[in-house]
Amino acid sequence: MKKQIKLQNEKVSYLLKRSRQARCLRISVYGGGNLVVTAPRSLTLGRLEQYLFQKAEWVLEKLQIMRKRKQSSLLFKRSREEYLQYKH
């Protein structure tokens, strides 16, 4: 389920996954700046958001790193011909 939270005056969108098997809260930042939070079903939304507020600095830092990586990788995309030329 898609959610939004305001961390240090920045709106952050994240995907919330509820899991029966999860025993602890997990925060993952993927390429392109996608944030996924996996939580046990028993954890309330209030406690989850409280944890995200505590980890706000880490979350924002990782999102920024992943967004920069995505931008820099787009700058260095090569054509298929260039790739094949350097592959051999």
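K62 is partly exposed, with a relative accessible area of 26%, where partly exposed denotes values between the limits for buried (under 20% relative accessible area) and exposed (over 50%), computed with a 1.4 Å probe on protein chains only. In this predicted model, local features require pLDDT of at least 70 and side-chain atom pairs count only at pLDDT 80 or more, whereas totals for chains, interfaces and linings use all residues. Residues are numbered from 1 along each chain as its sequence is written, and side-chain values use heavy atoms, with hydrogens and water left out.

K62 forms a salt bridge with E61, with 3.9 Å between the closest N and O atoms; a salt bridge is defined as a side-chain nitrogen of Lys or Arg within 4 Å of a carboxyl oxygen of Asp or Glu. E61 is likewise classed as partly exposed, at 40% relative accessibility. The structure holds 2 salt bridges. R67 and E10 also meet through their side chains in a salt bridge, at 3.6 Å from N to O. Because R67 belongs to helix α2 and E10 to strand β2, this pair ties together parts that are 57 residues apart in sequence. Both partners count as partly exposed, R67 at 36% relative accessibility and E10 at 31%.

The protein contains 3 helices and 4 strands, arranged along the sequence as β-β-β-β-α-α-α. Helices (H or I, at least four residues) and strands (E, at least two) are DSSP runs numbered from the N terminus. The 4 strands form an open sheet of mixed pairing in the order β1-β2-β4-β3, two strands being paired if DSSP finds at least two bridges between them. From one strand to the next, the twist averages 35°, with axes fitted as lines to C-alpha atoms (for helices over the stretch in contact) and angles between N-to-C directions running from 0 to 180 degrees. The pairing of β1 and β2 is antiparallel and extends over 6 bridges. K3 stands opposite Y14 in β2.

Of the 88 residues in the protein, 27% are buried. The largest nonpolar core has 18 residues, and those with the most contacts inside it include L7, Y14, V37 and L52. Such a core is a set of buried Ala, Val, Leu, Ile, Met, Phe, Trp, Tyr and Cys residues joined through side-chain atoms within 4.5 Å. Two or more residues come from each of β1, β2, β3, β4, α1 (45-54) and α2 (56-75), and the largest share, 5 residues, is supplied by α2. Apart from neighbours within four places in sequence, L52 is in contact (heavy atoms within 4.5 Å) with I5, L7, Y14, I27 and V37.

L25 lies in the loop between β2 (10-19) and β3 (26-30) and counts as buried at 18% relative accessibility. Beyond neighbours within four places in sequence, the contacts of L25 include T38, L48 and Y51. The C-alpha atoms of L25 and Y51 are 8.8 Å apart, although the two residues are separated by 26 residues in sequence. T38, located in strand β4 (residues 34-40), is buried with a relative accessible area of 9%. With neighbours within four places in sequence again set aside, the contacts of T38 include K17, C24 and L25.
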